Amino acid sequence: MTNQGPSSQTILVVGGGISGISAALEAAESGYDVVLLEKSATLGGRVAQLNRYFPKLCHPTCGLEINYQRIKKNRRVSVFTMCEVDKVAGGKGDFTVTVKRAPRYVNTRCTACGDCAAAAETEVANPFNHNLDKVKAAHLPHEMAFPMRYVIAPEVIGTPEADKIKAACKYDAVDLDDKEETFEIKVGAVIWATGWHPYDAGKLTSYQYAAIPDVITNVEMERLAAHDGPTGGKVLRPSNNEAPKRVALIQCAGSRDYNHLAYCSRICCLASMKHAAYVREQHAEAEVDVYYIDIRAHDKLEHFYRRLAADPQVNWIKSKPARIEAGEDGRPVVCGENTVTRDIYREPYDLVVLAVGMQPALNGRATALELPVDDYGFIVPEEAAVSAAGVATGPLDVSMSVQSATAAAMKAIQAVSGRARQ
Amino acid sequence: MSDRKTGVYLCGGCGIGEGLSLDQLESVAQENKAGLCRRHDALCTEEGVALIEADRANEGVTDLVIAACSPRVMTDRFRFDGTPMVRANLREMCIWSHPAGDEDTQMIADDQIRMGLAQVTRMKTPQPFTEGEWSQRILVLGGGFTGMRAALEAAAAGHEVLLIERSDQLGGFARNASKDLPHKPPYREPQPNEIGKLVEAVQADDLITVKTNCTVAKTAGMPGRFEIDLDQGGTASTETVGAIVIATGWRPYDATRLGHLGYGASPDVVTNVEMEKLLAAGGVTRPSDGKAPKAVAFVQCAGSRDPEHLPYCSSVCCSVSIKQALELIEADPETSCYIIFDELRTPGQAEEFYRAAQEKGVIFIKGKVKSVDGSLKVLVDDALLQEEVPMEGLDMVVLATGMVPNSTVADQPFENPEPAVIQVTDDIDPRSPLTFAGAEAAEKADPAARPMMAGAPLLNLQYRQGPHVPILADGFADSHYICFPYETRRTGIYTAGPVRRPMDSHEAAQDAAGAALKAIQCVRNAQSGEAVHPRSGDMSYPIVNYNQCTKCRRCTVECPFGAIDEDEKDYPIVNPSRCRRCGTCMGACPVRTISFENYHPEMISSMIKSVEIPDEFDEKPRILILACENDAYPALDMAGLNREQYSPYVRIIPVRCLGSVSLLWISDALSVGYDGVVLMGCKPGDDYQCHFVKGSAMAKERMSKVGETLKSMMLEEERVTQMEISIADSKAIAKMIDDFVETIDSLGPNPFKGF
Amino acid sequence: MTKKFTYYPGCSSEGSAAHLDKSLRAIAPKLGVELEDIADWNCCGASVGHIEGGHLPMMALSGRNLAQAQAQGPQDVATPCAACYLNTHHCNEQMRASERLKAEVNEALSAASMNYDANLHVRHICEVLVNDIGFEAVEAQVVKPLKGLKVAGYVGCQTVRPFAATERGGAYDEYDQPKFLDNFTRAVGAEALDFQNRTACCGGSVSVMSPEKTLHLMKNILEEAQEKGADVISTPCPLCQTNVEMFQDQINAQFGTNFQIPVVFYSQLMAVAFGLDADKDAALNQQLIPAPQIAKAAGG
Amino acid sequence: MTATTAPAGARKYDLNFARWVYENVDGGERMAKCMQCGVCSGSCPIGTQMDHGPRKLFMMIRAGMKEAVLTSNTIWNCVSCYNCVVRCPRQVPVTYILHDLATLAVKEGYAEAKQADNARFAKAFWWSAAKYGKTDERLVTMKYYYSFGFGEFIKRGRANQKIALGMIKTKRMHLGMPHKVKKGGELKAILAKAAEIEAKKHG
């Protein structure tokens with residue numbers, strides 16, 4: 001945390017996912033004070049919930065660890081979690097930003113010892129695992145949480161259990177009187193790195209996501225495959241916890257579709273290839289069918305496609321499935337037309353993964369915040385002092401997001417200290 | 001040494017006080033010459049920190065051993081700038097991963113105090129390397145779209161820029177191009193090509209110096225003071241710059257190799273680049289007869305995505321063909337345009353561009369072109385009509401050729417002055433097969449089978465590791481990191497635009513801004529003597545003790561970043577601002593001559609030796625774990641957080657990177673009676689995860705030779721191993737440790753115990 | 001509290017779906033709905049009219065109905081028939097979207113000195129019941145809840161597709177697993193089965209002309225209803241009702257099944273539950289396959 | 001829909017036919033945006049009974065295969081369930097397009113079209129609609145059966161006798177004169193005018 005308060009030289013980064021973290025660090029390591037705001041209880045955003053990255057199949061937490069080390073070492077970066085921007089007033093070099101902080105009910109004295117969780121009884125849905133399992137009402141968001149502090153779910157506030165949780169803390173870190181508050185900060189430039197959320201699979205009514213347990217989304221697949229996910233990293237059928245033998249990966253579940261997301265979400269094809277790899281690494285017998293309209297393995301990522309395509313147990317079917325039915329045994333049955341063979345198929349699977357697309361997380365709030373957005377809700381920056389990074393600007397993969405974040409940091413730097421030219 | 005006083009601070013919180021005897025720890029501290037030892041129930045609280053601050057102020061405490069939680073947490077509390085500090089990890093790696101109140105657990109804690117004291121007394125606060133003059137100026141190589149954008153961005157941030165263009169004018173490829181792709185809502189229409197405005201802006205910018213007809217003859221020095229020899233039309237000059245952005249762009253794939261697609265069979269078969277020129281000139285006419293084309297077919301992936309030609313996707317060709325078709329239709333709405341594709345790739349908002357083209361009547365045909373003949377008959381294996389379709393009546397055929405990165409000056413032959421020097425570091429093969437359950441590990445392709453890029457080096461680096469900027473498998477420049485796309489293997493040299501990855505102008509503009517930022521960041525950090533990514537802000541750097549150096553050259557060869565050169569007498573010369581502080585040179589050195597002020601061979605050796613080794617009758621083996629602090633150490637930490645329990649016989653020392661591990665530490669450990677040694681680090685190889693590129697690979701290579709050492713010591717090879725650990729192994733790591741301890745148990749104690 | 005609509009009953013109201021018309025007219029007052037018929041309504045052209053008649057004559061059929069409706073007042077036009085709704089709503093929306101089409105239709109209408117400004121709103125009765133009346137209002141009228149009656153809610157295709165989720169279509173439900181019909185079932189106190197085939201196609205007019213192509217579709221629908229123990233199938237669609245009811249013998253003959261499942265309109269269930277006469281109002285005597293279960297549930 | 005003949009493609013991917021369809025078929029302009037994903041054909045309840053399915057049919061239109069398109073059984077097997085319409089990611093009004101293509105096939109006099117059940121049924125149907133302003137299900141059905149010839153008329157009539165009797169018994173079918181609109185002349189005039197406009201439109 002900086003010693004002096006933010007001034008007009010300070011850069012505000014909104015959103016603590018990979019783009020926001022990258023933008024904040026690149027600016028800070030270039031010599032600027034940065035305030036990094038994150039809505040949730042921990043930094044890391046969506047990538048913290050990914051098991052691995054394509055195409056290297058390496059763990060996102062590996063890069064996050066380096067970034068957290070960079071933040072820990074850098075006095076120029078101030079991190080505020082549980083915070084959202086409520087209002088932005090002013091202009092370049094002189095913004096007044098109203099920030100709304102949600103109560104965490106745990107203060108900075110928390111040592112992450114876990115005594116509160118031991119005292120808690122109520123279990124709440126675990127958003128980190130996309131609600132596939134539950135956590136104690138007092139919990140650490142996940143093992144790589146940064147800051148490493150517990151959080152108490154609002155559900156138990158005001159109950160005797162909350163008092164029990166408070167009593168269990170030896171460090172006086174539980175603050176049951178914590179309340180939502182707003183405060184103002186003065187900054188010279190703002191970088192919006194508000195990221196995305198997965199498209200609501202429930203809206204794809206013909207795919208029966210809500211009704212058939214073995215129809216899951218790609219983001220859920222990441223948690224199933226993750227060592228700290230609900231199955232401890234085993235890709236299993238949610239209906240019966242058995243290993244899937246036949247898996248369907250359905251592309252463009254919402255994307256490239258006027259009825260849902262009109263744009264292509266860019267990453268889903270590659271993420272699905274990664275999912276094929278997850279399945280095939282774990283299950284020798286498994287067959288994976290990838291249903292697609294166009295395989296969009298852009299640039300060097302083509303190699304990743306070729307690597308998966310080389311596996312005879314991964315099949316590629318050019319078809320957007322029309323619907324998913326529940327089979328007699330409850331298994332999902334994928335129905336549609338194979339556009340290359342003209343076969344009308346009805347294929348039963350053990351597991352179907354819907355590659356849902358990315359929707360800008362800011363969507364709906366952009367107007368209130370007076371941000372320039374396109375029809376889809378992605379930010380189209382118009383001036384250096386209000387730049388944007390990562391998926392807030394369009395569907396990007398991680399590498400492109402970081403690239404975009406670095407560029408956004410450059411714009412912010414120009415706005416707070418460069419020559420007035422743009 | 002005499003004026004230093006170490007304070008040892010024992011935290012009793014988070015179960016440490018209940019599970020360990022703090023009295024015992026205090027006596028260990030005193031036996032090991034701690035100047036002072038204090039306890040607190042929660043050191044991380046304001047009161048706890050105040051206690052330490054008071055001792056620094058009033059008790060002359062100069063060094064700190066904070067025996068509490070992991071060094072990865074509470075970093076904002078335990079931050080005492082300028083004071084050597086060690087965090088003895090009594091929480092995650094002791095009381096959270098081993099039973100409370102247990103003799104073996106206590107022994108871990110005791111040893112942690114011993115190691116902490118051994119370490120901190122050998123640490124100095126690093127003094128940054130800041131000697132000499134530093135330049136803030138940025139060199140941008142390439143005066144095309146990306147280069148000019150990079151120059152303007154750096155100048156807008158207040159930095160002087162030297163922009164070098166090989167041809168006689170600015171503008172690059174875009175100078176001869178027609179319209180641009182749409183990057184702003186509604187993403188439907190081709191946009192005006194603004195390269196002219198860009199050239200004007202560059203020329204008008206007083207911070208930018210442009211040199212055309214200019215190439216780099218030679219680059220020496222390091223970030224903050226690169227010495228660049230220029231050759232401008234035969235005139236030589238030397239310039240000093242702080243950092244370099246390479247924006248040399250791309251060139252079209254050689255269409256003469258696409259005879260099977262009709263190139264050369266008719267003048268009316270043109271490449272997309274040639275079509276771009278025709279469009280730019282206005283009023284497209286057939287090269288053969290000057291008539292306006294009424295029917296034009298675009299053949300996608302002409303060379304791209306073809307193992308015989310370019311194995312990668314050139315990314316922009318689909319959108320470019322759409323754009324060209326739209327331009328033709330705009331000129332004459334009756335024009336029939338066909339785009340024959342395998343996979344149509346218009347990612348993101350560009351999907352709307354695809355739809356706009358369909359609305360305007362462009363026909364998209366999924367299929368493979370089998371042949372194009374001189375009469376422009378295109379034979380298409382039409383995937384959706386399920387038949388072979390001869391397309392006739394076409395007036396022109398456009399081959400959408402792909403992008404080849406200008407990672408070298410391709411058309412300039414280069415005589416390798418020193419064949420022993422690595423030409424191009426092309427050590428990453430993204431094509432290597434994946435491994436699946438039940439399948440045998442596939443054969444890896446022979447790296448030698450991959451052709452190196454021809455041509456002269458862009459910068460002609462006067463580095464021990466060769467004149468080229470390292471590239472990846474397909475000839476594109478670094479980075480291989482997903483999270484850190486700008487981290488090249490040559491500090492201070494950043495690449496931007498299509499030389500890095502096939503990309504369109506919008507991405508290239510972003511990339512230019514990003515690379516320019518990295519360049520200015522690098523010059524600023526070089527000046528203050530601080531490391532850049534990933535050990536950002538680290539002031540330490542390798543210092544060579546020339547009295548002991550045997551000139552073996554291992555440090556210069558093994559440095560992943562080419563930071564160490566050799567002088568005329570073959571002594572290593574460290575260029576501190578090129579260095580990323582991983583310590584691979586230190587690990588490479590067989591005679592411990594390379595050290596950092598706060599991290600050196602003797603320090604680790606002392607830590608290893610400070611551990612108390614029970615004799616063989618106690619049946620308490622000791623196993624040394626040297627854990628990479630970036631992934632293995634966090635994984636161990638999180639195992640503790642999850643209360644995973646593992647053998648109490650291991651002693652863990654974090655290292656900067658496995659590359660910094662000296663084999664001498666292993667023999668040190670075995671000679672003092674450790675029963676086994678484990679190196680824990682990231683995955684090496686093509687998909688390496690080492691943050692220092694090849695630290696873990698170097699460790700692996702060195703470990704292949706450790707067998708000889710063990711044999712000469714009459715010890716079993718199994719006593720020493722390297723474990724590939726990822727940061728996500730927090731749930732698996734305990735078992736991996738226990739399995740190794742079992743192996744050691746089966747081997748029995750190290751006979752050197754008590755020597 | 002009465003809300004007035006210009007009512008377009010459609011040809012089936014005088015034939016195969018007379019029981020829909022009858023029951024609907026019976027329950028309308030109870031729900032505060034006033035239905036005023038289009039004075040001299042004509043056929044909408046159904047799903048085949050265009051083939052022989054052509055595109056514009058097809059539009060002109062709806063145009064004439066709408067022109068009359070306009071003359072009768074600005075209130076919304078409501079129809080209970082899926083096909084009538086599709087054609088009339090589609091024509092209305094197309095005329096609103098295309099000045100060219102509007103002009104052409106009006107040119108045709110001018111032959112009878114008629115005109116339509118395309119300012120009306122054409123709505124499906126089910127959408128009206130959901131959006132304007134509400135399930136609670138239906139519930140409030142129930143005096144004889146159909147306790148224990150197991151109902152397979154068969155929505156069919158055209159009632160919801162392609163307009164139910166569109167703004168002008170009232171955005172009252174979705175296309176694959178719509179909920180409104182089950183909510184009607186629950187509102188009358190009966191049990192709504194989880195019927196997966198709720199929007200499966202009965203074959204529509206193809207069933208009428210070429211049943212051999214579509215009997216298996218109806219078989220699937222009946223099969224699930226039988227497996228799930230449905231007492232009756234409830235539907236909002238005239239053609240669905242007729243097809244699924246009248247082909248049961250042929251299906252049994254072809255597939256060796258033994259279906260004998262009554263297929264009724266939701267409005268008939270409402271009429272019974274509202275305490276109206278089972279025959280005179282609910283028109284249950286117009287079932288090919290009698291449905292005594294309904295009266296039993298109501299009377300029990 | 002024009003009464004003039006649609007041009008056939010002179011060769012594969014001659015765009016004359018496609019352009020004509022885009023301009024003249026109801027919803028044709030949106031067909032241009034079809035990306036061949038297959039959702040329509042996969043959604044069709046009787047897709048297995050179609051020779052090409054709508055998706056491939058649209059590709060054939062682009063390829064200029066007029067005759068193959070207009071003699072395809074796909075346009076006659078549409079059950080008008082609108083699954084394809086609501087699912088199409090490019091919002092192509094597939095059902096409407098198939099309907100209009102059927103009309104075109106009839107207009108152009110393709111034998112397959114004339115023989116199609118729908119065309120026969122449509123003829124009977126339109127006869128009733130135009131003549132009485134209303135559909136008389138009984139007469140339309142009988143007229144439709146009759147279109148297959150007298151033998152078939154008797155055969156089908158017998159097969160459906162039980163249904164017919166049931167319908168009559170339950171007062172869902174009536175004997176005697178059909179229901180009709182009051183102002184039949186008015187309707188006839190409108191329809192005649194509409195047909196005239198349509199015939200003239202592209203003339």
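I looked for positive charge on the surface and found K131(D), K143(D), K180(D) and K188(D) gathered in a patch. A patch here joins like charges within 9 Å, from residues with over 30% relative accessible area and no salt bridge, a salt bridge being a side-chain nitrogen of Lys or Arg within 4 Å of a carboxyl oxygen of Asp or Glu. I placed K180(D) in the loop between α12 (161–169) and α13 (184–201) of chain D, with helices (H or I, at least four residues) and strands (E, at least two) taken as DSSP runs.

I note that this is a predicted model, in which local features need pLDDT of at least 70 and side-chain atom pairs count only at pLDDT 80 or more, while totals for chains, interfaces and linings use all residues. Residues are numbered from 1 along each chain as its sequence is written, chains are lettered from A and ligands numbered from 1 in the order in which they are written, and side-chain values use heavy atoms, without hydrogens and water.

I then turned to negative charge, where D615(B), E616(B), D618(B), E619(B), E742(B) and D745(B) form a surface patch. E619(B) sits in the loop between α14 (601–610) and β28 (623–628) of chain B, and is exposed at a relative accessible area of 66% (exposed means over 50%, buried under 20%, partly exposed in between, with a 1.4 Å probe and protein chains only).

For chain B I recorded 19 helices and 31 strands, and 63% of its 755 residues as buried. For chain C I recorded 14 helices and eight strands, with 68% of its 300 residues buried.

Terms used
Patch = residues over 30% accessible without salt bridge, like charges linked within 9 Å, V, L, I, M, F, W, Y side chains within 5 Å. Areas by Shrake-Rupley, 256 points an atom, 1.4 Å probe, with all protein chains shown as cover. Lys, Arg positive; Asp, Glu negative; His and termini not counted. Charge placed at Lys NZ, Arg CZ, Asp CG, Glu CD.
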